[in-house]
Amino acid sequence: MRDAIFNGYPVHLVETLEELQSLYKLFSPKVMCGVDTETAGLEFKHEQIAGVCLSGGSDYSVKGYAGYYLPIRHINYNNLPIEEVMKITQWVIDNRRTVFHNRNFDASMLEYDGIKIPFVGGMHDSQIMCYLVFNEQYPALKDYCKRFLKWDMIEFSENKAEDHNFKTTDPQVTFRYAAGDPIATVMLARKMWNDYPYIRKIYKIDNFTLEAVRLLCQNELTLDYDFLEKLRDETERKLKELQTRIYALSGVYGFNIDSAKDKADVLSRFVTLTEKTKTGKFKTDEDALMKLNHPIAKLMVEYSATRVFLKSFVSKMCSYRGRVVRANYNTVNVPSGRLSSGGSSGNPYFIPQNLQNVPKEEERLFLHHHPEIGYVLEESEEGCVRLKDGTPVKVKTKTGLHRAFIPHDKDWFIMTSDYCLDPDSVVITEQGNRTIRELEAMPNGTKVLTPWGYKESYNVRKTGKHKQYKFTLTSGEVLICSPEHRIMVCREGITKWVQAQEVQTTDYILTTTDGDPYTFEKH
């Protein structure tokens, strides 16, 4: 076993099967193990793991903790047996608390070598911890170890790997880099956890969410290319028509509508431009054009939006025909917390597009019964659900480019879900107060009061057990509902809708009794 020192900690190159077997006795169950991989590239499936990096010990001191590099695919080197390396890696993941830095990548690479990744289990991710503390996009291991551990880190470039392929390096030279990373990962995680304890509550949620998102990234998406190509042709015609209208209305033919300067020159013939950029040029962005309130300016805005829709979405999505479509959902670079997706540099496993930002339109479709899933939305009115007076039921939904996403199999469905209420929760209907249990027995179309007025209810049914909030009012009445259930309250003289989990002890809750006007009660 070749040895070296990395920031005070011993690191080793495991060279024989006997040395590999000895690691089982060195990793205490009370101490977290670091897990990392060195690879031939960044693309899942098409690239391979060059070696596995592990760290562990009896405690976290420099005498009790160490890092190990297990080479399996280095060129012109006597590597360890792949099966045995994966066997101990699986054992560590299954039987020890582990820490990755960017688990999304390493876990996915390990899976393609046969490792069974549990749904979280004892796995942790120091990158998520760093992100929760500082909200910086893609916290880099080496950068954070320099900043917070004050360690001297070895940069990847120092390994002199050909085309970033770690298999081309000599493990007897590069093992110090490889075996040091899992140590740095564990020590950085401990630093974040101990110095910033306020992340502990939210981290538990994010740690579970991360694994769900990682699996979501591997899911293959199916696109309706016939729909997309038809939409592309229609959008191209619309763009040409808008261009013709702009030329005809302005009397200036052939100018570049995409050029800010050309747009300003044309518009200045009809309106007075006043807003300027920092460089002194007239502004022609959407906000500036809409303020002009001129038909040419409005057409230019529509032209620009249509061109973006065509180039950035429709044409781009048409180009994916013939390849597998997967979205790389971002986990540590979205300050709003909302899910987004995009490409991964050097990894064509994913498409380079934010699918969460695909434009959508609002449409009302007819509600139809379905024998297996309850209800579906369809364009056809024939056979749809109707009210007692025969009026067809239409439901508002999001469509537009969302129609391009279709089920992978003809017998599958794309479904949406919503929050549910306790069976004894009381809601306000046009017939008076009713529990959800009573509402379940009432006919479809019964109108229920919501934050958006009275809305018709359909397919009220039991779905299982969920977390509840319980409010006891001064009248003795009890309200039980989900945390997300909206309640009308009077707070400091202002009436507003809030979620149940946001209700304050000083709020007055809107209540009513059959036949009586609404009143606000203290709870």
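Are Tyr-60 and Tyr-65 buried or exposed? I looked up both, keeping in mind that this is a predicted model. Tyr-60 and Tyr-65 are both buried.

**Entry 1: aromatic rings**

I counted aromatic pairs next, and the total came to 21. I picked out Tyr-60 and Tyr-65. Their ring centres are 5.8 Å apart and their planes meet at 35°, so I noted the pair as tilted. I then looked at Tyr-144 and Phe-148. Here the centres are 5.4 Å apart and the planes stand at 35°, so this pair is tilted too.

Where do Tyr-144 and Phe-148 sit? They are in helix α5, four residues apart, which means about one helical turn separates them. I recalled the rule behind this: an α-helix has 3.6 residues a turn, so residues three or four places apart point the same way. Tyr-144 is buried, at 1% relative accessible area. Phe-148 has 16% relative accessibility; buried means under 20%, so Phe-148 counts as buried as well.

I also found one aromatic cluster, formed by Phe-6, Tyr-9, Tyr-60, Tyr-65 and Trp-151.

**Entry 2: the seven-stranded sheet**

Which order do the seven strands take? I read it as β1-β2-β5-β4-β3-β6-β7, in an open sheet with mixed pairing. The edges are β1 (2-6) and β7, each of which pairs on one side only. From one strand to the next the twist averages 25°.

β6 and β7 run parallel and are joined by three bridges. Thr-98 stands opposite Met-123 in β7.

Then I looked for helices lying across the strands. Helix α2 lies across β3, β4, β5, β6 and β7, at about 45° to β4. Helix α6 lies across β1, β2, β3, β4, β5 and β6, and runs at about 135° to β2.

I stopped at one residue of α2, Thr-89. Thr-89 is buried, with 1% relative accessible area. Leaving out residues up to four places away in sequence, Thr-89 touches Val-52, Leu-110 and Ile-115.

**Entry 3: helix α4**

I looked at both ends of α4. Asp-125 caps the N-terminal end, with a side-chain oxygen 2.8 Å from the backbone nitrogen of Gln-127. Just after α4, Asn-135 has a positive phi of about 55°.

In α9 (residues 260-267) I found Lys-263, Ala-264, Val-266 and Leu-267 buried. Why are they on the same side of α9? They cover an arc of only 165° around the axis, and that puts them there. The buried residues of α9 pack against α8, α10 and α11.

I moved on to α11 and looked up Val-314, which is found there. Val-314 is buried, at 0% relative accessibility. Not counting residues up to four places away in sequence, Val-314 touches Leu-228, Leu-231, Arg-232, Phe-309 and Leu-401. I also checked a distance: Val-314 and Cys-481 are 42 Å apart in space, C-alpha to C-alpha, and 167 residues apart in sequence.

I found an open sheet of three strands, in the order β12-β11-β13, with antiparallel pairing. β12 (374-378) and β13 (394-398) are the edge strands, and each pairs on one side only. The twist here averages 50° from one strand to the next. β11 and β13 run antiparallel and share five bridges. Arg-364 has Lys-396 in β13 as its bridge partner.

My last stop was β21 and β22. They pair in the antiparallel sense over six bridges. Val-489 stands opposite Lys-496 in β22. How many residues lie between β21 and β22 in the hairpin? I found two, and Glu-492 in the turn has a positive phi of about 55°.

Terms used: Residues are numbered from 1 along each chain as its sequence is written. This is a predicted model: local features need pLDDT of at least 70, side-chain atom pairs count only at pLDDT 80 or more; totals for chains, interfaces and linings use all residues. Side-chain values use heavy atoms; hydrogens and water are left out. A polar contact is a pair of N or O atoms within 3.5 Å; within protein, one must be able to donate a hydrogen and the other to accept it, and residues adjacent in sequence count only if both atoms are side-chain atoms. Two strands pair if DSSP finds at least two bridges between them. Buried means under 20% relative accessible area, exposed over 50%, partly exposed in between (1.4 Å probe, protein chains only). The arc is that of the directions from the helix axis to the C-beta atoms. Contact means heavy atoms within 4.5 Å. Axes are lines fitted to C-alpha atoms, for helices over the stretch in contact, and angles run from 0 to 180 degrees between N-to-C directions. Rings of Phe, Tyr and Trp (its six-membered ring) pair if their centres lie within 6.5 Å; planes under 30 degrees apart count as stacked, over 60 as edge-to-face and the rest as tilted.
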